[in-house]
Amino acid sequence: WGSNNAQPVLQDIDLHVKKGEMVAIMGEVGVGKSTLLQAILGELKPLGDARLEIPKKMAYHDQVPMVCEATLKDNVLFWSPCIDERYNKSLHAACLLPDLETLPGGDGVKIGSRGIALSGGQRARVSLARVAYAQNTDVVLLDDPFASVDAPTGSHIMEHLLLGPLMRGRTRLVVCQPDLHRVKAFDRVVIMGQGGRIVLQGTPDETVHTPEYEALLASYSMQPDNNSSSPPHTSSGARKSYSSEDVRKTVSTGDNGHLLRDEEHEGRADWSTVRFFCQLGKWRNLLGIIVFWVLVNLCNLMSDMMLASWTNSLVGKTEHPGSYFIQRYIFWFGVSATFYALGWWCGMSFSLTVSSTIHDQMLQRLMRAPIDRFWDRTPVGRIMNRLSVDVREIDFGMYLKLSGTLSQVLSFFVPMGYIHAMMPFYFSLCCIPFYYLAFTIVKCYWNTVVPLRYLTQVSRSEVNTHIAEAEHGR
């Protein structure tokens, strides 16, 4: 980025595609076929006198299909309005109907941020169904749609998707291999060579007899066949015919889908969780926090009493001079500051011990977590949230919240205990209804703030997941 001496990736490109035309783009590995589609998408910046005229809205299928954290149906519709007839035709054109019969929940099956409930071929066909369903897109870009499917499925996609009614009238640019049977179905063939140049373009009849096409066909014939990643049932499904009624029965299974993972827990932490964190942070540190905060509040109470005595001495006669009260006020203030510093040291030791232990345990368990039961089922945003925000809360927030809680509790109970000790007993009995009302209000606050905190954490995980999906989808 920002380099003025960057060499152009594509050179001598002169490509004009008519409306409704289906063009095959071929070439050896690394000559710039996918880069040409990226340029058409507007991802590459033209240099010099290069000129690019493209429509504002296009449909695109990538070699690495983007599958979001949602149901299969949402991934096909991509949150656009659902037109049942068009949706059913898209599933049939992408040869997804046999898969919906076996997937739990049909098109309502939950799939992860990387399409973890689906195989590679199924993810590719979900992306193809999305492209077929896309509305108001006159240009369709397909980057090697036959790479992840077997031969019968590829024939089905060629016949019902590329040449089907959903694509009729739309301009199609397809990166594919030099298969002679498929090439004849295209309106025009473009062959790219080294240096990102177009070496040949013309009709299929003109192209298949050229030395460039024969050399390209010979280079591909020496490579192993990788189009066998689709599950075995796909082949038979490609040859099976489905009526519109069969399509409706297949997609409406009545199941709520299959949960890929346990949802994040919502609820207040129980005492076992509190005991777990106390054991990690060492009980002596927690005891030091409590003791020193009690002493801080007692010293603050003595400072307030000494200040009150000094104020009373100014009104009435006293045998002590003003310096007597100042010295004792400064003494209790200094002792309080000392106890506060000791409590802060104990609190930071408690927080850092918990944080380092939790972080080390998380890394150890993440490194040893099974691929199929954890990494393939857990959204990236949730892992990012645990290792970043949650650890930061322990680092910076645990001691502050713990000390704030102790401060509020002791600031309330110590003076109130002193007041009830000095006042008559019937005064304490009269205060019971007020204490009950205060406890009820606090309980209502707890029942409100816990779900709000849960929603905050979940939404943060969702945002991280969306960012990871956007980066993955480019």
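Biologist: What pLDDT does the chain average?

Modeller: This is a predicted model, and the chain averages a pLDDT of 80, with 84% of the residues scoring at least 70.

Biologist: Which elements have the lowest and the highest mean pLDDT?

Modeller: Here is the general idea: where pLDDT is low, the predicted coordinates should not be read in detail. In this chain, helix α10 (residues 233–239) has the lowest mean among the elements, 41, while strand β6 (residues 171–175) has the highest, 93. Over residues 226–239 the pLDDT stays under 50, and the model has 36 contacts beyond four places in sequence for them. Residues 252–258 are also below 50, with 13 contacts in the model beyond near neighbours in sequence.

Biologist: On to strands, then. Is β7 enclosed or open, and why?

Modeller: A residue counts as buried when its relative accessible area is under 20%. Six of the six residues of strand β7 (residues 188–193) are buried, so the rest of the structure largely encloses β7.

Biologist: Which strands pair with β7, and in what sense?

Modeller: Strand β1 (residues 22–27) pairs with β7 in the parallel sense over five bridges, and Met-26 stands opposite Ile-191 there. Strand β8 (residues 197–202) pairs with β7 in the antiparallel sense, also over five bridges, and Arg-197 in β8 stands opposite Gly-193. Three residues lie between the strands in the hairpin of β7 and β8, where Gly-195 takes a positive phi near 85 degrees.

Biologist: How can I check the span of helix α16?

Modeller: Count 1.5 Å a residue: the 43 residues of α16 (residues 380–422) should span 63 Å, and the end C-alpha atoms are 59 Å apart, which agrees.

Biologist: Where does α16 bend?

Modeller: Look at Gly-397, where α16 bends by about 50 degrees.

Biologist: Last topic: cysteines. How many disulfides does the count come to?

Modeller: A disulfide is a covalent bond between the sulfur atoms of two cysteines. To count one, we ask for a pair of cysteine sulfur atoms within 2.5 Å, and by this rule the count is zero.

Biologist: Is Cys-95 buried or exposed, and what about Cys-299?

Modeller: Cys-95 has 3% relative accessibility, so it counts as buried. Cys-299 is buried too, with a relative accessible area of 4%.

How values were computed. Residues are numbered from 1 along each chain as its sequence is written. This is a predicted model: local features need pLDDT of at least 70, side-chain atom pairs count only at pLDDT 80 or more; totals for chains, interfaces and linings use all residues. Side-chain values use heavy atoms; hydrogens and water are left out. Helices (H or I, at least four residues) and strands (E, at least two) are DSSP runs, numbered from the N terminus. The expected span of a helix is 1.5 Å times one less than its number of residues. The bend at a residue is the angle between axes fitted to the seven residues ending there and the seven starting there. Buried means under 20% relative accessible area, exposed over 50%, partly exposed in between (1.4 Å probe, protein chains only). pLDDT is the predictor's confidence in each residue, from 0 to 100. Contact means heavy atoms within 4.5 Å. Two strands pair if DSSP finds at least two bridges between them.
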